[in-house]
Amino acid sequence: GTARYTALGNIVALFLPLLSGTSNATTFTFSGIPAAIRPARITYRPALIADAGTVAFGYIQFNTDGIVSLSPNAIGSLWTAAGTKNFYDTFIVYTLQ
């Protein structure tokens, strides 16, 4: 799928599509967030994920450098380094400040 966003002043509405893959590490990150919608400080939002087949609420962390990190249950927790990782379609609203 395709990520989409709308920015209105300092408010960003961001849609992220399903991300899925075979796990070979205890981390899950991606990059490419446009500079125009990067927050001025690290921002966390809950997200629906699956770690090695276990569906749960995790966290998505937007960093100021455009890198996005996903945590499977608590902020900073590690993923299983085997099986499948999923980040389900998510609609997120955050501020740039």
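How many helices and how many strands make up the secondary structure of the chain? In this predicted model, the secondary structure comes to 0 helices and 9 strands, and the elements accordingly run β-β-β-β-β-β-β-β-β from the N terminus on. The C-alpha atoms of the chain fill a box of roughly 40 × 25 × 20 Å along the principal axes. Of the 97 residues in the chain, 34% are buried.

Among the strands, an open sheet of 3 is arranged in the order 1-2-9, with antiparallel pairing. Strand 1 (4-8) and strand 9 (90-95) stand at the edges of this sheet, and because each has a single partner strand, one side of each is left without a neighbour in the sheet. From one strand to the next, the twist averages 15°. The pairing of strand 2 (residues 11-16) with strand 9 is antiparallel and extends over 6 bridges; V12 has Y94, in strand 9, as its bridge partner.

On the surface, a nonpolar patch is formed by I42, Y44, Y59 and I75, which together have about 330 Å² of accessible area. Of these residues, I75 is placed in the loop between strand 7 (68-71) and strand 8 (84-87). The relative accessibility of I75 is 44%, and this residue therefore counts as partly exposed, a class that lies between buried, under 20%, and exposed, over 50%.

Key: Residues numbered from 1 in each chain as written. Predicted model: local features only at pLDDT ≥ 70, side-chain atom pairs only at ≥ 80, totals over all residues. Heavy atoms only, no water. Pairing = 2+ DSSP bridges. Helix = DSSP H or I, 4+ residues; strand = E, 2+ residues; numbered from the N terminus. Axes fitted to C-alpha atoms, helices over the stretch in contact; angles between N-to-C directions. Patch = residues over 30% accessible without salt bridge, like charges linked within 9 Å, V, L, I, M, F, W, Y side chains within 5 Å. Areas by Shrake-Rupley, 256 points an atom, 1.4 Å probe, with all protein chains shown as cover. Salt bridge = Lys/Arg side-chain N within 4 Å of Asp/Glu carboxyl O. Buried < 20%, exposed > 50% of the residue type's maximum accessible area, 1.4 Å probe, protein only.
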